[in-house]
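Please open the model in a viewer and keep the selection panel at hand.

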Amino acid sequence: MAIRRKLIAGITSLLSVMLSGVVQAASKLNMRPGVTETSLEAYDLHMMVIWVMVGISVVVFGAMFYSFIKHRKSKNPTPAKFSHSTKMEIIWTAIPILILIYLTIPSVKLLIKMEDASNPEMSIQVTGSQWKWHYKYLDQDIEFFSNLDRSIKTDDPLYLLAVDNELVIPINTKVRFLVTAEDVIHSWWVPDLAVKKDAIPGFINETWTNVPTPGTYRGQCTELCGKDHGFMPVVVKAVSKADFKKWVAGKDAERMVAEKAAAAAAAASWDMDKLMALGKETYDLKCASCHKVDGTGIAGAFPALKDSAVAVGPVETHMSIVVNGTSKGMQAFGKQLTDAELAAVITYERNAWGNNAGDKVTPADIQAFKAGN
Amino acid sequence: MSDHHPTGITRWLYTTNHKDIGSMYLWFSFIMFLVGGAMAMVIRAELYQPGLQFVDPGFFNQMTTMHGLIMVFGAVMPSMVGLANWLIPMMIGAPDMALPRMNNWSFWILPFAFTLLLSSLFMEGGAPNFGWTFYAPLSTTYGPPSTDFFILGVHMMGISSIMGAINVIVTVFNMRAPGMTLMKMPMFVWTWFITAFLLIMVMPVLAGVVTMMLTDRHFGTSFFDAAGGGDPVMFQHIFWFFGHPEVYIMILPAFGVVSEIIPAFSRKKLFGYSSMVYATASIALLSFIVWAHHMFTVGMPVAGELFFMIATMLIAVPTGVKVFNWVATMWQGSLTFETPMLFSIAFVILFTIGGFSGVMLAMAPVDFQYHDTYFVVAHFHYVLFPGAIFGTTAAVYYWLPKWTGKMYNEKVGKIHFWLSMIFVNLTFFPMHFSGLAGMPRRIPDYNMMFADFNMWASIGAFGLGLTQVFFLVTIIMAIRGGKKAEEKQWDGATGLEWDALPSPAPYHTFSTPPKVD
């Protein structure tokens with residue numbers, strides 16, 4: 001298998017170089033073989049079908065071009081009279097069937113293998129929402145959001161392919177992904193692992209991988225999911241089992257610190273300026289892509305917050321929308337932000353851009369609200 | 001007085017003449033082609049290089065959505081109906097379509113349907129932005145307010161298509177000249193006849209799915225919302241039960257066109273006429289049992305995936321028969337390469353390439369890698385542009401002398417062909433590579449590694465766009481000042497329209513049916 005793969009890769013790259021001249025590096029023209037057993041097999045199947053298609057092209061297009069040259073009117077002024085041949089028609093019905101059988105057998109085998117997510121060694125719930133991924137390790141007490149790293153510039157090789165929190169998994173472990181979504185359909189794709197599964201709100205799909213080599217594998221959302229569909233990458237970092245244990249321990253420590261900070265924040269005194277400052281920071285980062293920096297929203301799609309009934313109306317309604325989301329498309333931010341950030345952003349919305357609710361919401365209010373939920 | 005016809009605007013508003021209606025369909029589809037093309041230019045300009053340059057991602061989504069909807073429902077489908085109107089009555093020796101008043105209505109619905117659809121661009125919240133496949137819940141709970149205009153527009157074009165299809169079926173069943181048995185009909189009539197059945201079967205399904213969307217949006221149902229016991233994936237099943245036959249609706253008439261043109265310029269009868277008919281019918285039947293190959297990643301049971309994979313791959317067999325028969329028609333013919341023939345040959349070659357990538361996409365385990373990437377975009381543009389649109393273009397060049405009595409300029413036609421041929425490949429071939437490299441479709445911005453392919457595709461697209469304007473000029477030049485066409489402009493042409501009618505074909509033809517041996 002390996003030799004054939006090398007041979008095929010060799011021929012492909014040679015052909016690619018010829019095709020592309022000097023413009024492209026050869027490897028850019030083809031699918032990446034990836035690193036997992038299934039992705040390598042998918043690659044082999046891909047190359048096999050490509051070569052079958054090239055073979056058919058040579059025969060069919062060859063016959064056509066032969067005809068163009070030899071059977072043009074100047075060469076062949078009197079056309080032949082035949083218009084039927086049962087024998088030929090049986091032959092060219094039968095041959096494609098044989099070719100298809102040849103292609104179907106490995107496809108069936110590989111498909112069954114790829115869809116067999118049984119006996120996983122660990123499971124991770126992958127949840128898509130507009131426009132980020134959320135990962136929850138079902139065997140560890142770890143969960144976090146994974147957002148596009150917007151600090152990376154266009155000319156960087158990682159542009160649109162880097163996130164703030166990578167999904168970390170151990171190598172040589174069968175990891176099962178339970179894929180779902182909060183709002184619309186997304187699709188979770190990592191090309192090097194040959195894993196692509198739709199994330200469907202209200203349903204859970206199953207897929208799996210077993211990565212043999214440490215490395216960072218990058219992909220993107222592949223189902224149109226709204227405005228920022230192009231801006232929700234998937235990054236999987238495969239590490240050794242020992243490193244994975246260390247990472248889990250680190251995450252546990254991080255969580256303790258975060259819990260303490262949250263408790264401290266709730267207990268601290270929050271004056272208006274402090275809330276407004278943190279609120280603006282949070283708003284511009286999390287809310288402005290839809291509701292706009294100046295709170296005017298996008299008419300017909302994302303409601304304006306400036307002068308809105310929600311932002312200057314009863315504070316409970318406002319908190320409920322931000323914390324729990326709505327059925328009309330507003331996300332639930334209750335878990336995405338800390339209580340302090342939630343309090344600050346609600347306060348900011350109620351008092352920015354000429355909104356004059358005048359009241360402030362503190363982290364303690366948020367905690368009380370969540371408790372009463 | 002067979003050439004007598006009313007004049008002025010009322011001629012077009014009130015017409016029940018299949019030739020007038022055919023012309024209106026063709027002009028309408030060409031206008032839509034340019035409108036949808038302009039949107040493609042916006043898309044390609046934005047994708048010319050990484051980074052956001054011209055439009056914001058929200059508007060980008062509106063452009064991809066509207067481009068798809070307009071090209072599918074506004075450009076390709078009406079162009080095929082236009083050809084059917086012009087050609088079917090002349091080919092089977094009928095004086096007109098069987099239901100001429102309905103024919104008028106089915107055309108005149110379209111301008112209103114597309115005015116509704118296009119007006120959404122100017123509405124609060126913008127035009128539909130959920131892709132031409134309008135998957136729920138992006139199009140239901142999350143759709144912009146203009147989605148309701150989209151739904152109404154789709155209903156109207158659906159009614160138009162259903163009426164057009166009924167007309168074709170009734171005409172073919174009842175209006176054939178004496179002696180024109182079913183198995184003597186020209187291939188173009190056969191392919192359209194089969195297409196009409198597909199339309200009648202699936203357009204109501206499309207109407208159903210948009211109605212379910214409407215009630216989900218406004219009347220409290222939850223067909224596609226899991227929170228109310230529905231299922232977003234059910235939307236995709238219903239949509240693709242329409243959507244896959246729809247693909248063949250767009251391509252089968254083009255098969256018919258090249259099956260007329262290739263024999264004419266090979267000066268040889270179409271090879272394997274009856275197997276062509278059976279192959280077309282098999283493709284149509286198979287198209288009803290393969291829809292979920294568009295959905296290999298939604299999490300179907302593996303048995304379902306296996307079924308749809310194998311059924312889909314089977315389509316390659318009848319499609320292969322068609323390609324082999326076209327090649328065999330040319331084999332030992334006496335070939336010349338006028339513009340319609342060039343477009344038909346390009347059709348066969350490039351459509352076959354689209355078919356190859358189709359077989360690749362059918363293979364579920366590798367489809368996981370291709371699905372929803374630019375590889376898919378390359379695939380369906382290869383079957384739609386050099387497929388359906390080259391087919392229509394070939395038809396226009398081939399029958400223009402019969403329709404208008406004027407010949408186009410062969411040299412200009414060939415320039416149009418070669419420009420189209422170069423640019424269509426420059427636009428869509430690199431998309432295979434960007435897809436294999438991992439670029440998802442429907443994204444407004446991308447990583448550097450996809451930059452070269454996208455630049456080439458954009459350059460190709462601008463060239464391809466300009467070339468179509470050149471096509472318009474070519475046609476207008478021919479109609480205004482072309483040389484007079486002969487009754488039988490092509491020496492290898494066969495069929496009643498060439499053998500029994502002058503050029504241009506008079507306003508009323510076959511008032512007494514011709515005799516067919």
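In which crossing, left-handed or right-handed, does α14(B) pass α15(B)? Select both helices: α14(B) passes α15(B) in a left-handed crossing, that is, the near helix is turned anticlockwise from the far one by less than a right angle. This is a predicted model, in which local features need pLDDT of at least 70, side-chain atom pairs count only at pLDDT 80 or more, and totals for chains, interfaces and linings use all residues. Residues are numbered from 1 along each chain as its sequence is written, while chains are lettered from A and ligands numbered from 1 in the order in which they are written.

Remain with this pair. α14(B) and α15(B), the latter covering residues 451-481, pack at an angle of about 155° with axes 8 Å apart. The two helices are therefore roughly antiparallel (an angle over 145 degrees). Their contact has 16 nonpolar, ten polar and no charged residues.

Next, select the side of chain B that touches chain A. Here 82 residues of chain B are in contact with 81 residues of chain A (C-beta atoms, placed from the backbone, within 7 Å). Among the elements giving two or more residues to this side are α3 (57-92), α7 (232-266) and α14 (410-437) of chain B. The largest share, nine residues, comes from α10(B). By class, this side has 50 nonpolar, 23 polar and nine charged residues.

Finally, select B:Val76. B:Val76 touches B:Met71, B:Met250, B:Leu384, B:Ala388 and B:Ile389, not counting residues up to four places away in sequence.

Notes: Contact = placed C-beta atoms within 7 Å. Helix = DSSP H or I, 4+ residues; strand = E, 2+ residues; numbered from the N terminus. Nonpolar A, V, L, I, M, F, W, Y, C, P; charged D, E, K, R; others polar. Axes fitted to C-alpha atoms, helices over the stretch in contact; angles between N-to-C directions. Parallel < 35°, antiparallel > 145°, perpendicular 65-115°, else oblique.
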